[in-house]
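Here is a short note to read with the model open beside you. Take the points in order, and find each place on screen as you go.

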Amino acid sequence: GEAGGKYDEVARALGDAMAEEFDPGVVVEISSGSKRNLERLQKGQTDLSFVQNDVAGEKGIRSISTFYKEVLHVIVRKETASPEQLSNGTFSLGPAGGGTESLAVATLRQVGFSEKNITFRRESLEQGLQALREESADAVCIVTGIGNATVSRFLAEGEFTLLDLGKDIFDSVRYSYPFAHPASIPAGAYPVKPGQGLPRESIASIGTTVLLVCRQDLPDEHAFA
């Protein structure tokens with residue numbers, strides 16, 4: 001994943017453990033996200049990858065393990081109190097080749113946004129957050145593990161918050177996007193001041209599962225190890 005993101009954090013922890021246990025030459029590479037990870041794996045450029053369970057791959061890819069859950073975060077300026085205020089807005093969806101776009105677009109469509117009336121930006125998380133600061137974007141969508149360090153630092157600036165898309169969001173999306181699961185961002189998950197955190201109250205969202213995957217030619221004993 002992107003440098004400083006949750007994929008990067010978890011991959012480096014896994015890489016350090018593998019280097020200590022098996023091979024000091026283990027290399028962890030950054031990428032634009034799930035789709036790009038699968039592409040590299042299928043081309044033989046990498047041996048292990050993290051992918052979201054909603055990203056389609058070709059034959060020959062196997063799942064080794066479920067790692068953790070990811071949740072859709074919608075980051076907005078503090079004055080944005082409801083989705084209706086974004087009806088003609090600009091949304092940053094992460095980089096092309098990442099895993100956020102499919103889930104975010106399906107969710108926005110189901111919530112009632114018309115793609116004819118909103119604008120999408122495809123860029124890194126850092127670029128999207130900077131666009132939100134500069135008011136050239138109205139919302140940043142990111143599917144990531146709760147506690148993402150980049151998101152945490154951004155929210156701590158004090159000018160931004162997490163948007164609640166409605167408590168029934170999963171029920172409205174589940175039939176059009178069956179790969180997702182119900183999720184929530186708990187109150188105070190992102191500390192912003194001593195004794196204060198965002199969101200103020202738990203908000204409902206939808207999420208995906210992160211899988212560690214390999215090519216089917218990886219020997220079983222290596223996968224188990």
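This is a predicted model: local features need pLDDT of at least 70, side-chain atom pairs count only at pLDDT 80 or more; totals for chains, interfaces and linings use all residues.

1. Residues are numbered from 1 along each chain as its sequence is written, and side-chain values use heavy atoms, with hydrogens and water left out.

2. Let's begin with the largest pocket. A pocket is an open set of points on a 1 Å grid over the protein atoms alone, where a 1.4 Å probe fits, with protein on both sides within 12 Å along at least five of seven lines; lining residues have an atom within 4 Å of a point. The volume of the largest pocket is about 920 Å³, counted as the space filled by probe spheres set on the points, which are joined across faces, edges and corners.

3. Which element gives the largest share of the lining of the largest pocket? It is H1, with seven residues. The lining has 32 residues, and Leu 14, Met 18, Val 26, Asp 47 and Leu 48 lie nearest the centre of the pocket.

4. Buried means under 20% relative accessible area, exposed over 50%, and partly exposed in between (1.4 Å probe, protein chains only). This core has 25 residues, and Leu 72, Val 74, Phe 91 and Ile 206 have the most contacts inside it. H3 gives the most to this core, with five residues.

5. Look next at Thr 208, which lies in strand S10. Thr 208 counts as buried because its relative accessibility is 0%. Contact means heavy atoms within 4.5 Å; leaving aside neighbours within four places in sequence, the residues in contact with Thr 208 include Tyr 68, Leu 103 and His 181.

6. Finally, two backbone details. Most residues other than glycine have a negative phi, and most peptide bonds are trans. Glu 135, in the loop between helix H4 (125–133) and strand S5 (139–144), has a positive phi, near 65°. The peptide bond from Leu 198 to Pro 199 is cis, with omega near -5°, and Pro 199 sits in the loop between strands S9 (196–198) and S10 (203–215).

Definitions and conventions: Helices (H or I, at least four residues) and strands (E, at least two) are DSSP runs, numbered from the N terminus. A nonpolar core is a set of buried Ala, Val, Leu, Ile, Met, Phe, Trp, Tyr and Cys residues joined through side-chain atoms within 4.5 Å.
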